[in-house]
Amino acid sequence: MTAQPPGVSRDVEGERNFDGVSPMLSVQREFTTGDLVYLLYSEGFRAGGFNTGGFLWPIRAPRAQFKSDRLRNYELGAKARLLDSRLSTRGAVFYNTWQNVQSEIYRPSGVAFTGNAGDARVLGLEAEIAYEFDFGLSIQANGLLADTDMTRRNPEFSLTSTLIDELPGVPRFSGGVLVVYERPIASGTTLRLAGETSYVGQSAVSFETARAWSQGDYLRARLSAELANERWSASVFVNNPGNAAGDTFAYGNPFIYTLANGRLVTPQRPRTLGVRLAAAF
């Protein structure tokens, strides 16, 4: 690699081979009512690689290479429909182990390279419930609880700070509600009103304690009204009706993300009104 000053020219040569499989095994029992219970085991991995530096050459052993990481998932779940199939429920509990977690490390310049943060585990519970009324109204709610922990920290991942005790970017709680009302108002024409909101919980930004600011902890919302038949549809909608400004991503532009510049945020899009027209020919 040839670079003009103040860049550093150098020769990089290396070879690594990776072999692996991603198995999945599922055992399920479906009842005559349509209810279902299942067990699931699955694995996934990402190959390792090299860090060749970039504009400058700061990547020395042991951070010149990063290992493969592997995720193992154990899940138990069930689905059921009750009350003449008007009420539907779904739930699952899962446990994940994650070895040699690959993650980006940001240098003061904002340029990133990849490292292995250590090992982690995730214990979670997710559930969903929905009910359909006989007059055209349906309500659906869902939620996710997650508890994460770093079971082993790689001291070579960050040479400037210690690591936090949990996985960044994974909120402890998130969930949402969707309400839809439909009714025919003319021959072949249907009115559809919908409102939805979801909550994204708070989570850390980075593995490193020096940059362990938080993100999340905000609501997203959307309202819409639609008239439709087989040939055409017309709808109006409003996104973010409360004009909230929650922090959806705390890095912003990584090339100006430094400790000297401080914390950057990516707010939600402002309140947006829209109209949509569609026709089928």
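**Entry 1: ground rules**

I number residues from 1 along each chain as its sequence is written, and side-chain values use heavy atoms, with hydrogens and water left out. The model is predicted, local features need pLDDT of at least 70 and side-chain atom pairs count only at pLDDT 80 or more, while totals for chains, interfaces and linings use all residues.

**Entry 2: whole chain**

I looked up the secondary structure and found zero helices and 19 strands. Helices (H or I, at least four residues) and strands (E, at least two) are DSSP runs, numbered from the N terminus. The chain has 281 residues, and 32% of them count as buried. Buried means under 20% relative accessible area, exposed means over 50%, and partly exposed lies in between (1.4 Å probe, protein chains only).

I traced an open sheet of eleven strands with antiparallel pairing, in the order E1-E2-E5-E6-E9-E10-E11-E12-E15-E16-E19. Its edge strands are E1 (24-30) and E19 (272-279), each of which pairs on one side only. On average, neighbouring strands of this sheet are turned by 10° against each other, direction ignored. For that angle, axes are lines fitted to C-alpha atoms (for helices over the stretch in contact), and angles run from 0 to 180 degrees between N-to-C directions. Two strands pair if DSSP finds at least two bridges between them.

- E6 (residues 87-99) and E9 (residues 118-132) pair in the antiparallel sense over twelve bridges. Arg90 has Glu128 in E9 as its bridge partner.
- E9 and E10 (residues 137-153) run antiparallel and are joined by 15 bridges. Four residues lie between these two strands of a hairpin, and Gly136 in the turn has a positive phi of about 100°.
- E10 and E11 (residues 173-186) run antiparallel, with nine bridges between them. Here Asn142 stands opposite Gly176 in E11.

**Entry 3: nonpolar core**

Which residues make up the largest nonpolar core? I list twelve: Phe94, Val101, Ile105, Phe113, Ala117, Ala120, Val122, Met150, Phe157, Leu163, Leu167 and Phe207. A nonpolar core is a set of buried Ala, Val, Leu, Ile, Met, Phe, Trp, Tyr and Cys residues joined through side-chain atoms within 4.5 Å. In soluble globular proteins, nonpolar side chains tend to be buried together. Leaving out residues up to four places away in sequence, Val101 touches Asp69, Gly115, Asn116, Ala117, Gly118, Ala120 and Phe207.

**Entry 4: salt bridges**

I searched the whole structure and got eleven salt bridges. A salt bridge is a side-chain nitrogen of Lys or Arg within 4 Å of a carboxyl oxygen of Asp or Glu. Side chains of opposite charge can pair when their charged atoms come close.

Arg90 and Glu126 meet through their side chains at 3.8 Å, N to O. Arg90 is partly exposed at 27% relative accessibility, and Glu126 is partly exposed at 24%.

Arg152 forms a salt bridge with Asp119, with 3.0 Å between the closest N and O atoms. This pair links distant parts of the chain, Arg152 in E10 and Asp119 in E9, 33 residues apart. Asp119 also stands opposite Arg152 in the strand pairing. Asp119 counts as buried at 17% relative accessibility, whereas Arg152 is partly exposed at 35%.

Arg172 and Asp147 form a salt bridge at 3.1 Å, N to O. Arg172 is in the loop between E10 and E11 and Asp147 is in E10, 25 residues apart. Asp147 is partly exposed at 28% relative accessibility. A network of salt bridges links Arg121, Asp147, Glu166 and Arg172.

**Entry 5: Ser235**

Is Ser235 buried or exposed? I find Ser235 buried, at a relative accessible area of 12%. Ser235 lies in E16 (residues 232-239). Not counting residues up to four places away in sequence, Ser235 touches Ala225, Glu226, Gly274, Val275 and Arg276.

Methods
Contact means heavy atoms within 4.5 Å.
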